Amino acid sequence: MASNARLDHRKPLVFDTHELGRRPGALQRLTRTIDAPKDFGIKGVVGVPEGAPVELELRLESVMEGVLVTGTARAQTEGECVRCLEPLGFDLEADFQEMFSYPDADDRGRVIAEPGDDAEDDEDRLFLEDGLFDLEPVLRDAVVLALPMQPVCQEDCPGLCAECGARLADDPDHHHDAVDIRWAALQGLAGSMKDGEKDEMSGADAEAGVDEKQEK
């Protein structure tokens, strides 16, 4: 949908299409390295650190209804393994393609009197503004889709010990002697019986001592 805020051509992710022109078939290739914006990824899981370099390769093609932008973004990510919580990082490559429509043309390239007359049609469309377009929302979506929702340091990461939290990859033989909960109650009962037997034996010994004294 067209934005009321005017685009600032000085922003690193705002691109100018005036040099491309509106002649269908015109093509322009661009490369640019920008600093990653804040919260560039899946927050709290994995993403590109703020300020890290992001390399962009873009292909701008003029078509009847606007400018078709195809590109690839490359960057280094940082995150945390969801199993063992160890830091991790990997090279990210995200591909994307988006149409930025002329504000005075419909999806068939026909000139319309007022852009945005059909709210439903405009809802998911991105528009050029004075020949400029903002790539940031498109790039954010592409990066999120390219990232794993549950990143792991290695495919077979065993995670952490459920009892003590030790990292199992560091000690493959790590284990705890487990007691079957089905036998735990019986073990407690057996302990109580042993204590009772001791009490009975102590009582019997005491009675024997009294009898011996009486006989004397």
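In this predicted model, four strands form an open sheet in the order S3-S4-S7-S8, with antiparallel pairing; strands are DSSP runs of E of at least two residues and helices runs of H or I of at least four, numbered from the N terminus, and two strands count as paired if DSSP finds at least two bridges between them. Strand S3 (40–42) and strand S8 (87–88) stand at the edges with a single partner strand each, so one side of each has no neighbour in the sheet. Strands S4 (residues 46–48) and S7 (residues 78–80) run antiparallel and are joined by two bridges; valine 46 has glycine 79 in S7 as its bridge partner.

Threonine 77 is located in the loop between S6 and S7. Its relative accessibility is 0%, so threonine 77 counts as buried (under 20% relative accessible area; exposed is over 50%, partly exposed in between; 1.4 Å probe, protein chains only). Beyond its neighbours within four places in sequence, threonine 77 is in contact (heavy atoms within 4.5 Å) with residues including Val46, Gly47, Val48 and Leu147.

A further open sheet has five strands in the order S2-S5-S6-S9-S10, with mixed pairing. Its edge strands, S2 (27–35) and S10 (126–127), each pair on one side only. S2 and strand S5 (residues 53–63) run antiparallel and are joined by nine bridges, with arginine 29 opposite arginine 59 in S5.

Residues are numbered from 1 along each chain as its sequence is written, and side-chain values use heavy atoms, leaving out hydrogens and water. Local features need pLDDT of at least 70 and side-chain atom pairs count only at pLDDT 80 or more, whereas totals for chains, interfaces and linings use all residues.
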